[in-house]
Structure formats: C-alpha cells, structure tokens
Amino acid sequence: MNLHSRRTPAVLALLLAGTALFTGCTDNGSPAEAKDKATSTATSDPTSTPSTPDELVILPGSIGAARVGMTRAQWTPTGLFEDGAVLCGGELIHWAADPTAEKLLVLTDKDATITQLFVSAPGPHTEHGDIEVGSTYGELKRAFPAITQPVADGFGETSSVYPPSEEDGLAYLGFLLNALPGDVTDATTIARIAVTGGEKPYFQYGC
C-alpha cells in the first residue's frame, strides 16, 4: 500500500460518517511540535483535557491534549482514547468521550502512533479565529487571510484549503469545504477539519 496516495471516495464516506464500521487507513506523518501539557483542571491552556469534546481546542499538530506523533505508550496512560479496528496495516482509535466517532477521528500507523486527527462536527474549535465545523469560508478567510485557494479534494462535491504558514515541514491544519472549487463562496461551510504533522492532511482514506 502506498501510504501517501490519495484514497477512494467510497471508503471515505464510511470513515468520515463516524459509524461503527470504521473503514479506512492512515498516512504516516512526522511528529508534530505541539506541546503535550495535559492536565485535568486547567481551562485556559488549549492543550488541557476538557470535560467534553465540544470544549476541545484545535492547534496545528494537536487537538486538546492529543497530538500527532503520540505513541501508544504515550496516549494510553492519558485515558483519552480506546482502541478501535485494525485498518490496512494501521489503526483507527476513538476518543473515550466520543465512542461512536460522531465528532472526532484518530488515525494511527501500524504501531499505533497517531498520524492524523479529524473533527467532523461543530464544537471543537481552532485556537486562532475560533473556527469550527460549520463555520463559513468567509469566516475562515478572516481568521487566515492568506489561506490557500480551494482545490478539488476528489471526494464528492468538496474542496480543501490550507493555511500557507503550515508548509515546509511544520504541523498542518486542513479544512474541507462543502463545495467544489468553482462553487465556493463566502457562505460555503466547513465540513471537516484535519490536523497532522509535517505534511498536508488528506481527507480521503481507503485500502
């Protein structure tokens, strides 16, 4: 399997729907530089552990206390996650607070090191600009004025955009828009937010 190839839309539809079928696989990503400062009480620290998924803060390379590059030995003691299905030589685990993956997806490599994190419902929001799933492209541009132009993602009628400051080996954020590039307007909403380390996140997964 080529871990860096684009994936099939049919499999993505199952994966991003957050169903119990959990079908997909992972791309390898370099460990993110986001700091792991997990605590159970701090509320002003974006890397602290909130009580509900809706309170999670999204940063390049991390969502709350979860960061790209965490190994099984690192994420197991946090109590944040539970093991999921083995997928195409990798694995999908889920947040203990979101067992049906309605809001969050966590992808790992074959060694259960976290490679990508996804948000698929409103609630979790970016530290910069307070952007969440359901925010508009206009709001996204105001938060990230130099964001890349929409490009076809290859999955249905969607397109992807990325903050350009996340290039050159830095941790990435990615936003999936609910329209093809030529149809995107300021009113177009965000369908998914992705976090990875060292390369652009891909919204498509398959075996």
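Tutor: Happy to! The chain has three helices and 13 strands, and 52% of its 207 residues count as buried. Keep in mind that this is a predicted model, so a look at confidence comes before anything else. The average pLDDT of the chain is 75, and 68% of the residues score at least 70. Confidence is lowest in helix α1 (residues 9-16), with a mean of 39, and highest in α3, with a mean of 97. Over residues 1-44 the pLDDT stays under 50.

Now to the inside. In soluble globular proteins, nonpolar side chains tend to be buried together. Here the largest nonpolar core has 34 residues. Those with the most contacts inside this core are Ile63, Phe81, Trp95, Ile114, Leu117, Leu140 and Phe175. Several elements give two or more residues to the core: the strands β6 (90-95), β7 (104-108), β8 (114-119), β12 (171-177) and β13 (190-197), together with helix α3 (137-143).

Find Trp95 in the picture and look at what surrounds this residue. Leaving out residues up to four places away in sequence, Trp95 touches Leu56, Ile63, Ala66, Leu80, Phe81, Leu104 and Val106.

Ile63 leads us to a sheet. Strand β2 covers residues 62-63 and pairs with β3 in the antiparallel sense, over two bridges. Within this pairing, Ser62 stands opposite Arg67 of β3. The whole sheet is open and has four strands in the order β3-β2-β1-β9, with mixed pairing. β3 (66-67) and β9 (125-126) each have a single partner strand, so one side of each is left without a neighbour in the sheet.

Stay with β9 for a moment, where Thr126 lies. Is Thr126 buried or exposed? Its relative accessibility is 1%, so Thr126 counts as buried, the cut-off being under 20%. Setting aside neighbours within four places in sequence, Thr126 is in contact with Val57, Ile58, Ile131 and Phe175. Phe175 is one of the residues with the most contacts inside the largest core.

Finally, let's look at charged pairs. The structure holds three salt bridges. In one of them, the side chains of Lys103 and Asp54 meet at 3.1 Å, N to O. Lys103 is in the loop between β6 and β7, while Asp54 is in the loop between α1 and β1 (57-59), so this pair ties together parts that are 49 residues apart in sequence. Asp54 is partly exposed, with a relative accessible area of 39%.

Another salt bridge joins Asp186 and Lys141, whose closest N and O atoms are 2.7 Å apart. Asp186 sits in the loop between β12 and β13 and Lys141 in helix α3, so the pair ties together parts that are 45 residues apart in sequence. Asp186 is partly exposed at 44%, and Lys141 also counts as partly exposed, at 30%.

The remaining pair is Asp111 with Lys110, at 3.6 Å between the closest N and O atoms. Asp111 counts as exposed at 51% relative accessibility, and Lys110 counts as exposed at 65%.

Methods: Residues are numbered from 1 along each chain as its sequence is written. This is a predicted model: local features need pLDDT of at least 70, side-chain atom pairs count only at pLDDT 80 or more; totals for chains, interfaces and linings use all residues. Side-chain values use heavy atoms; hydrogens and water are left out. Two strands pair if DSSP finds at least two bridges between them. Buried means under 20% relative accessible area, exposed over 50%, partly exposed in between (1.4 Å probe, protein chains only). A nonpolar core is a set of buried Ala, Val, Leu, Ile, Met, Phe, Trp, Tyr and Cys residues joined through side-chain atoms within 4.5 Å. Contact means heavy atoms within 4.5 Å. pLDDT is the predictor's confidence in each residue, from 0 to 100. A salt bridge is a side-chain nitrogen of Lys or Arg within 4 Å of a carboxyl oxygen of Asp or Glu.
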